[in-house]
Amino acid sequence: MTIELFMQQLANGISIGSLYALLAIGYTMVYGILRLINFAHGDIFMMAAYFMVFSIINFKLPWYIGAVIVIVASVGLGLLLERTAYRPLRDAPRMSIMISAIGASFFLENLATYLFTGVPKGFPDIKVLTKPVSIGNISLSVSTIITPFVTIILLYVVLFITNKTKIGMAMRAVSKDFETARLMGININKVIATTFIIGSSLAAIGAILWGSKYPSVMPLMGVMPGLKCFIAAVLGGIGNTTGAVLGGFILGMAEIMLVTFLQPLTGYRDAIAFVILIIVLLVKPTGLLGEKVTDKV
Amino acid sequence: MLKINDLHVNYGGIAAVKGISIHVPEKSIVTLIGANGAGKSTTLRAIAGLVKAASGEIIFQGENILGKDTIDIVAKGITLVPEGRRVFANLTVLENLKIGAYLRNDNIEEDIYKVYDLFPRLKEREWQLAGTLSGGEQQMLAVGRALMAKPKLIMMDEPSLGLAPLVVNNIFEIIQEINKQGTTILLIEQNANKALKIADYGYVLETGNLSFEGKGLELLQNEKIIDAYLGTSKN
């Protein structure tokens, strides 16, 4: 192995890891507040990719306007999902909400298959993102280079919102105790909707960057990334935003390194996430940065 | 200020409150005493809008608030210090106070200092997570958090529960102090002796019905109440 190839793969690992991180934030935030694994999150990601295809290829919009529309539409879809699939079950047992989440996921996948057919559509070629850049002997696309920076910036934005703003304080309060939060005058539904807005917009940004890397859009494209990012969130400690990003990076890196160093095992690339999940659940179920236990009677 | 007429509340299919009428005059301390399961907490939760009442009236400052949303009730000036304190363990002491003022848009700085004046311990622990406080400190924080809403009426559900005797005395002193500063108080207690001593008026609740009512000190001397709730603690 040459040092160039290694560096190239390292960059790929960081880049794919930060894509996982973007999606994992959405899982972890919704879990933190609702104790719900939002199985439909990966399907919002898929729908966002389709929105991008339509706004750029069908409506011939410039990519930056398309990106704004994609984010707005994905947020709308996320809010609709929360309103129809989760809010009516607010006081129901957790198992019912979980089943509703799985149902919503299947619904979106089948709706996409029905509306857009199962034939993959090409993701628009956004020149700004796909342009190759050479650093020494390594050649990387712009999207590979900027993805980690985008992720880190967005992580900071999310951390700022949750730790420094009033709505963020309300989010943390609601995640601990719905009823007492209501006694403070907090509108629970608004707070939960806000987490869906954040999660869906990150999924949309993730979809745009993902499409520039893997330009094939199909109804089931959200399933595997969705599962992997959920695992990344568990690995980082579900409920913890920084942990989700860390988990995403580790997972992306593990996959790429497997492909690089153990080439005969390349076919097992998708399996590694699940191996990690099993190990985490056996060894440290709370994940790397799992919630601190501060309750005291 | 608060008038409850013939309130009925069903809780989990059981009639928990069966037609009680209570009057809390402005700037008074009124206490509701009674054994476990008498319906005291349910009454407070119905006033706060956390449980739906089956029938009756809850008139606060001339307006029926029964059936209104908790957020509106808090906005009108009623806060509840819930049983078991329920501070937000994952928020700092300061954040817990700030979140008590969630519905306010004015400057809350001054009120934070007022709370720190009442509870100097909270000032020392300002940046600590509330979950790391002792039980007594958490109770102080729960009361301070409720004060941050600038309520007209504070309802307290068993503020002395599980606290050391010295801390209990301290909490009761603070309740009187808050009352002196002009806030009306509706207090629920199992520690009937202490509650009646500071209360202007008291009600005794038995399995969802009112059995006695009267001025705090009168109830303290009532033979039946001594037997049922005060035991030998009157000495």
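**Note on a predicted two-chain model**

1. The contact between the chains takes 17 residues from chain A and 23 residues from chain B. On the side of chain A that touches chain B, two elements give two or more residues: helix H7 (166-176) and helix H8 (178-183) of chain A. H7(A) gives the most to this side, with five residues. Sorted by class, the side of chain A that touches chain B has six nonpolar, four polar and seven charged residues. Please keep in mind throughout that this is a predicted model.

2. Next, the sheet in chain B. Four strands form an open sheet in the order E2-E1-E4-E5 (chain B), and the pairing is antiparallel. Which strands are at the edges? They are strand E2 (14-24) and strand E5 (63-64) of chain B, each of which pairs on one side only.

3. The pairings can be followed along the sheet. Strand E1 (residues 2-11) of chain B pairs with E2(B) in the antiparallel sense over eight bridges. Within this pair, B:His8 has B:Lys18 in E2(B) as its bridge partner. The hairpin of E1(B) and E2(B) has two residues between the strands, and B:Gly12 takes a positive phi near 60° there.

4. E1(B) also pairs with E4(B), again in the antiparallel sense, over five bridges. Here B:Leu2 stands opposite B:Phe60 in E4(B). Strand E4 (residues 55-60) of chain B in turn pairs with E5(B), antiparallel and over two bridges.

5. Helix H7 (residues 165-180) of chain B has 16 residues and reaches 23 Å from its first C-alpha to its last. That is close to the 22 Å expected at 1.5 Å a residue. Just after H7(B), B:Gly182 takes a positive phi of about 110°.

6. Two helix pairs in chain A deserve a look. Two packed helices are described by the angle between their axes and the distance between the axes. For helix H6 (residues 142-164) and helix H9 (residues 188-213) of chain A, the angle is about 175° and the axes are 11 Å apart. Angles over 145 degrees count as roughly antiparallel, and H6(A) and H9(A) are therefore roughly antiparallel to each other.

7. Which residues of H6(A) meet H9(A)? They are A:Ser143, A:Thr144, A:Thr147, A:Val150, A:Leu154 and A:Val158. Their counterparts in H9(A) are A:Ile198, A:Leu202, A:Ile205, A:Leu209, A:Ser212 and A:Lys213. By class, the contact of H6(A) with H9(A) divides into seven nonpolar, four polar and one charged.

8. The second pair is helix H10 (residues 223-236) and helix H11 (residues 241-261) of chain A, which pack at an angle of about 120° with their axes 7 Å apart. H10(A) and H11(A) are therefore oblique to each other. Their crossing is right-handed.

9. From H10(A), the residues that meet H11(A) are A:Lys228, A:Cys229, A:Ile231, A:Ala232, A:Ala233, A:Leu235 and A:Gly236. From H11(A), they are A:Gly243, A:Ala244, A:Leu246, A:Gly247, A:Gly248, A:Ile250 and A:Leu251. The contact of H10(A) with H11(A) has nine nonpolar, four polar and one charged residues.

Technical notes: Residues are numbered from 1 along each chain as its sequence is written. Chains are lettered from A and ligands numbered from 1 in the order in which they are written. This is a predicted model: local features need pLDDT of at least 70, side-chain atom pairs count only at pLDDT 80 or more; totals for chains, interfaces and linings use all residues. Two residues are in contact if their C-beta atoms, placed from the backbone, lie within 7 Å. Ala, Val, Leu, Ile, Met, Phe, Trp, Tyr, Cys and Pro count as nonpolar, Asp, Glu, Lys and Arg as charged, and the others, Gly among them, as polar. Axes are lines fitted to C-alpha atoms, for helices over the stretch in contact, and angles run from 0 to 180 degrees between N-to-C directions. Angles under 35 degrees count as roughly parallel, over 145 as roughly antiparallel, 65 to 115 as roughly perpendicular and the rest as oblique. A crossing is left-handed if the near helix is turned anticlockwise from the far one by less than a right angle, and right-handed if clockwise. The expected span of a helix is 1.5 Å times one less than its number of residues. Two strands pair if DSSP finds at least two bridges between them.
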